[in-house]
Amino acid sequence: MIELEVQFQIFFMSILFGMYLLSSWQLLNRIFKNKIIIRFFFELPFFVFNFLLYYFFLFKLDGGIFNIYLLLGLLIGFFIHQKFY
């Protein structure tokens with residue numbers, strides 16, 4: 001069982017990572033706006049790298065345990081970014 005303080009840290013990290021992920025993906029789309037084929041080859045490594053980075057942070061904080069509320073944290077981060085961007 002994970003301590004409550006660690007769960008709050010992970011949830012807050014998921015919100016921040018969701019905001020980072022959406023903003024960096026929008027930046028990637030702006031760079032390769034009209035180059036769909038080139039963008040495809042950059043998006044796959046981009047998402048693989050970012051999800052490995054997310055798992056690395058999860059591993060450092062709680063041993064790599066992935067819970068359903070972490071997806072909620074990512075979605076909240078997406079919505080916060082969309083609302084205030």
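This is a predicted model: local features need pLDDT of at least 70, side-chain atom pairs count only at pLDDT 80 or more; totals for chains, interfaces and linings use all residues.
**Overall picture**

The protein chain contains three helices and zero strands, and, when it is read along the sequence, these elements follow the pattern α-α-α. Along its principal axes, the C-alpha trace of the protein chain spans about 50 × 25 × 15 Å. The protein chain has 85 residues, of which 29% count as buried.

**How the helices pack**

Two packed helices are described by the angle between their axes and the distance between the axes. The table gives these values for two pairs, both of which involve helix α1 (residues 4-31).

| Helix pair | Axes come within | Crossing angle | Handedness |
|---|---|---|---|
| α1 and α2 | 11 Å | roughly 165° | right-handed |
| α1 and α3 | 7 Å | roughly 45° | right-handed |

For the pair α1 and α2, the axes cross at roughly 165°, and an angle over 145 degrees counts as roughly antiparallel, so α1 and α2 are roughly antiparallel to each other. Sorted by class, the contact of α1 with α2 has 17 nonpolar, five polar and three charged residues.

The pair α1 and α3, where helix α3 covers residues 68-84, has axes that cross at roughly 45°, and these two helices are therefore oblique to each other. On the side of α1, the residues that make the contact include Q7, I10, F11, S14, I15 and F17, while Y69, L70, L72, G73, L74 and I76 are among those contributed by α3. By class, this contact of α1 with α3 has 14 nonpolar and nine polar residues, and it has no charged residues.

**Two residues in their surroundings**

Leaving aside residues up to four places away in sequence, S14 touches Y54, L70, G73 and L74. Of these partners, L70, G73 and L74 are listed, like S14, in the contact between α1 and α3.

L71, by contrast, is placed in helix α3 and counts as partly exposed, with a relative accessibility of 40%. L71 and I31 are 40 residues apart along the chain, and their C-alpha atoms are separated by 27 Å.

Side chains of opposite charge can pair when their charged atoms come close. In this model the count comes to one salt bridge, and the pair that forms it is E43 with R39, whose closest N and O atoms are 3.5 Å apart.

Notes: Residues are numbered from 1 along each chain as its sequence is written. Side-chain values use heavy atoms; hydrogens and water are left out. A salt bridge is a side-chain nitrogen of Lys or Arg within 4 Å of a carboxyl oxygen of Asp or Glu. Axes are lines fitted to C-alpha atoms, for helices over the stretch in contact, and angles run from 0 to 180 degrees between N-to-C directions. Helices (H or I, at least four residues) and strands (E, at least two) are DSSP runs, numbered from the N terminus. Angles under 35 degrees count as roughly parallel, over 145 as roughly antiparallel, 65 to 115 as roughly perpendicular and the rest as oblique. A crossing is left-handed if the near helix is turned anticlockwise from the far one by less than a right angle, and right-handed if clockwise. Ala, Val, Leu, Ile, Met, Phe, Trp, Tyr, Cys and Pro count as nonpolar, Asp, Glu, Lys and Arg as charged, and the others, Gly among them, as polar. Buried means under 20% relative accessible area, exposed over 50%, partly exposed in between (1.4 Å probe, protein chains only). Contact means heavy atoms within 4.5 Å.
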